[in-house]
Amino acid sequence: MMRKVMVTLAIIGFAFALLPLAFRAGVQAEPGALATEYLETAPRELGAANVVTAIVVSYRGFDTLGEVAVLFVATAGVGAMLTRKRLGPAAVGRRKPATEVLRTATGLLTGLIVMFGAYIFMHGHLTPGGGFQGGVVIATAVLLNVLAAPESHLAHGVMTAVEALSGAAYVAIGLLGAFLAWGFLDPRVMPTGSIGSLVSAGTIPLIYSAIGLKVGAELSGIIEALKGDRP
Amino acid sequence: MAIDIAIIVAGAFMVASGIGAIASKSLVVSILLSGGVSLAASVVFLLMGAPDVAMTEAAIGSGLTTVVFLYALARSRQADDEDSNERLEAPASRSGGSK
């Protein structure tokens with residue numbers, strides 16, 4: 001009884017505290033001062049058509065590096081915990097085989113999904129989306145394959161190599177920015193080019209491709225680890 | 001105005017599936033409904049003019065998280081089955097006085 005009263009009071013308190021937010025939410029007609037500044041300077045300085053990407057990769061690039069590091073540590077933790085030794089040998093075996101529909105659809109869709117993921121992170125500076133979204137889309141293709149062929153294995157060495165190389169490339173491009181341009185992760189190492197073309201916005205497409213490959217490899221590794229038959 | 005109504009509809013769907021996820025007796029239904037919350041949230045983000053966030057929410061919130069939860073649920077059920085099998089195989093050692 002007492003507990004229910006407390007829970008109800010807490011919910012009412014939260015509702016009261018968040019009520020002003022609910023009224024202020026909605027579509028804003030006018031961007032604020034900071035948003036206006038970014039909207040004006042980002043295309044001019046960096047040549048990025050998608051201002052969100054310019055902020056995520058360049059102006060707030062250090063935060064994104066931290067985000068990638070957090071994801072890496074989380075993946076390493078999942079990989080260390082979900083091994084066959086810990087889960088026991090009983091976790092493996094007696095899986096139902098996939099249906100014909102799923103196997104055929106997987107064969108048809110895998111290439112398209114991977115290509116779409118690569119498209120998302122390569123066009124991150126032009127259209128909505130970027131490394132994280134593209135990486136997750138690629139991991140979805142891996143998930144489909146895991147469902148269609150539960151006995152198969154991901155090429156673990158290739159995944160590790162892709163992840164390590166793309167992570168190193170990300171930091172290396174950032175350091176190049178510190179030495180050749182105006183600061184760590186500054187994309188103006190390469191010419192910014194003309195707004196809207198694929199090769200523009202300096203190193204932003206390269207950085208986002210590295211992030212996309214890294215996130216894709218990490219999340220594929222998590223899905224593979226959840227299967228539970230890793231040695 | 002039409003956008004405001006669409007946001008309210010999607011928000012109401014979010015609240016409804018959130019309550020449904022808590023109230024549901026079946027864990028699978030709860031997981032799917034919490035995926036539905038994320039899907040409706042991504043629609044709200046899109047309507048508010050944040051397609052980047054909407055893509056992230058749709059891919060991670062309603063896609064990957066749901067899959068991870070379903071995997072974890074299957075794994076914990078497997079562990080439960082193994083526990084009950086052990087209990088069935090050795091009833092004398094465990095059932096003494098506990099029930």
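Predicted model: local features only at pLDDT ≥ 70, side-chain atom pairs only at ≥ 80, totals over all residues.
What is chain A built from? Nine helices and zero strands. As for its dimensions, the C-alpha atoms of chain A fill a box of roughly 60 × 60 × 35 Å along the principal axes. Its radius of gyration is 22 Å, whereas a compact globule of 231 residues would come out near 17 Å. Of those 231 residues, 33% count as buried.

Now please find helix 4 of chain A, residues 61-81. From first C-alpha to last, this helix of 21 residues reaches 30 Å, close to the 30 Å expected at 1.5 Å a residue. Which of its residues are buried? They are A:Gly61, A:Thr64, A:Val68 and A:Thr75. Looking down the axis of helix 4 of chain A, you see these buried residues within an arc of 55°, so they line one face of the helix. A handy reminder here: an α-helix has 3.6 residues a turn, so residues three or four places apart point the same way. The buried residues of helix 4 pack against helix 3, helix 8 and helix 9 of chain A. On the other side of helix 4, the exposed residues include A:Phe62, A:Asp63 and A:Met81.

Finally, the contact between the chains takes 18 residues from chain A and 19 residues from chain B. On the chain A side, helix 7 and helix 9 each supply at least two residues, and helix 7 gives the most, with seven. By class, that side has twelve nonpolar, six polar and no charged residues.

Key. Residues numbered from 1 in each chain as written. Chains lettered and ligands numbered in written order. Contact = placed C-beta atoms within 7 Å. Helix = DSSP H or I, 4+ residues; strand = E, 2+ residues; numbered from the N terminus. Nonpolar A, V, L, I, M, F, W, Y, C, P; charged D, E, K, R; others polar. Expected span 1.5 Å × (residues − 1). Buried ≥ 20, exposed ≤ 12 C-beta atoms within 10 Å, placed from the backbone. Arc of directions from axis to C-beta. Rg over C-alpha atoms; globule rule 2.2 N^0.38 Å.
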